[in-house]
Amino acid sequence: MRALVTGAAGFIGSHLCEHLLSRGDEVMGIDAMTDFYEPARKRRNLAPLVGRDRFTFRRGDLLDLRLEPLFAAADTVYHLAGQPGVRGSWGAEFAVYLERNVLVTQRVLEAARETRLGRLVYASSSSVYGNAEAYPTSETLSPRPVSPYGVTKLAAEQLCETYRTVFDVPALSLRLFSVYGPRQRPDMAFSRLVSAACADRPFPLYGDGGQSRDFTYVGDVVTAMRSAASSSWTGVANIGGGCEVTMRQAIALLGQLAAPVNVVPGPARPGDARRTAADITVARNAFGYLPVTDLRTGLAAMVRAERAARRVRSAESLAGRR
Ligand code: NAD
């Protein structure tokens with residue numbers, strides 16, 4: 001398959017490119033390298049991909065690029081580019097969320113319609129549910145986002161559904177639940193937690209630690225994305241990790257895997273749901289989704305990656321001092 005991945009230099013996008021290449025696909029990655037977090041991290045995410053056979057990268061903003069010629073050369077577009085993070089989406093920053101999540105997705109859908117694209121996979125989010133009516137939450141329940149970010153992800157997902165029903169754009173939206181793994185974004189809880197444990201630094205905890213998430217390993221997510229693209233199914237499906245864990249339990253587990261963490265409790269942040277848990281029946285029936293990575297295995301992979309990165313950084317700073 002010829003795949004185009006938007007947001008290719010990001011956390012999930014870079015894993016998806018690797019996965020698609022490993023399955024023999026031809027991949028073009030697009031990314032604007034936004035400064036939501038250090039662009040140097042994104043360059044590191046891309047480094048193992050650049051120069052590989054069947055991979056090309058185009059730096060550019062989806063709001064400006066002419067998308068039609070790029071889409072015409074692809075069988076599937078995986079649309080992951082966007083502005084993530086619930087806590088920063090209040091106030092003046094909302095304009096950025098609107099642009100990068102809603103306006104960009106509308107441009108992507110117009111190009112998909114124009115070029116009669118084969119498949120469009122959209123990275124939606126569990127944030128559309130907010131504090132859900134029931135758990136585990138199924139796609140039939142009304143979304144009730146509790147953050148402006150969640151509102152923009154829902155708006156983009158609804159656009160996908162609108163173009164699908166009105167213009168037959170073969171779009172599918174995957175509601176991803178708290179994705180974690182090596183290279184996770186630095187603003188996310190596990191990334192901050194693993195780096196605090198490995199550096200023996202305090203970990204600021206937002207809330208009482210009783211908030212829970214259905215954590216989903218990034219390897220399971222990218223496998224789901226390709227399986228969904230390879231099926232003939234369209235619509236909206238949850239992608240969860242299959243087990244709900246509180247932050248307190250995750251911190252205790254990390255203490256066993258790395259080192260006990262010095263937790264500094266603080267207030268909960270507006271925009272964070274109390275609980276998430278996915279009913280994954282739709283994804284299982286539609287394209288055989290089955291998460292296979294448990295939290296212990298996934299967190300251990302993050303700890304190994306963090307330790308390796310720290311060794312490289314300290315070797316580089318030693319070499320710099322010589
Ligand atoms: P990320 O920030 O690491 O990756 C997003 C990438 O998109 C960035 O590299 C950024 O430079 C790029 N980008 C943003 N706007 C762009 C534009 N206009 N043109 C081109 N590139 C642009 O984030 P991530 O955690 O990898 O998330 C990827 C997608 O998955 C996002 O859409 C996010 O909303 C969604 N998602 C993530 C999670 C999660 O737990 N990480 C959960 C649910 C949904």
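**Ligand shell and helix packing**

The shell around the ligand contains 16 nonpolar, 8 polar and 6 charged residues. Here Ala, Val, Leu, Ile, Met, Phe, Trp, Tyr, Cys and Pro count as nonpolar, Asp, Glu, Lys and Arg as charged, and the others, Gly among them, as polar. The model is predicted: local features need pLDDT of at least 70, side-chain atom pairs count only at pLDDT 80 or more, and totals for chains, interfaces and linings use all residues. Residues are numbered from 1 along each chain as its sequence is written, and side-chain values use heavy atoms, with hydrogens and water left out.

In total, 30 residues surround the ligand (a heavy atom within 4 Å). The closest are D31, Y37, Y149, V179 and R185. At least two shell residues each come from α1 (11-22), α4 (94-115), β5 (119-125) and α5 (148-167). Strand β5 gives the most, with 3 residues. Helices (H or I, at least four residues) and strands (E, at least two) are DSSP runs, numbered from the N terminus.

Polar contacts are pairs of N or O atoms within 3.5 Å. A polar side-chain atom of Y149 lies 2.7 Å from a ligand oxygen. For an N or O atom in the R185 side chain, the distance to a ligand oxygen is 2.8 Å. A polar backbone atom of G10 is 3.4 Å from an oxygen of the ligand. The protein buries 98% of the 820 Å² that the ligand exposes when taken alone (Shrake-Rupley method, 1.4 Å probe).

Helices α6 (residues 189-199) and α10 (residues 295-321) pack at about 55°, with axes 10 Å apart. Axes are lines fitted to C-alpha atoms over the stretch in contact, and angles run from 0 to 180 degrees between N-to-C directions. The two helices are therefore oblique to each other; angles under 35 degrees count as roughly parallel, over 145 as roughly antiparallel, 65 to 115 as roughly perpendicular and the rest as oblique.

Note on methods:
A polar contact is a pair of N or O atoms within 3.5 Å; within protein, one must be able to donate a hydrogen and the other to accept it, and residues adjacent in sequence count only if both atoms are side-chain atoms.
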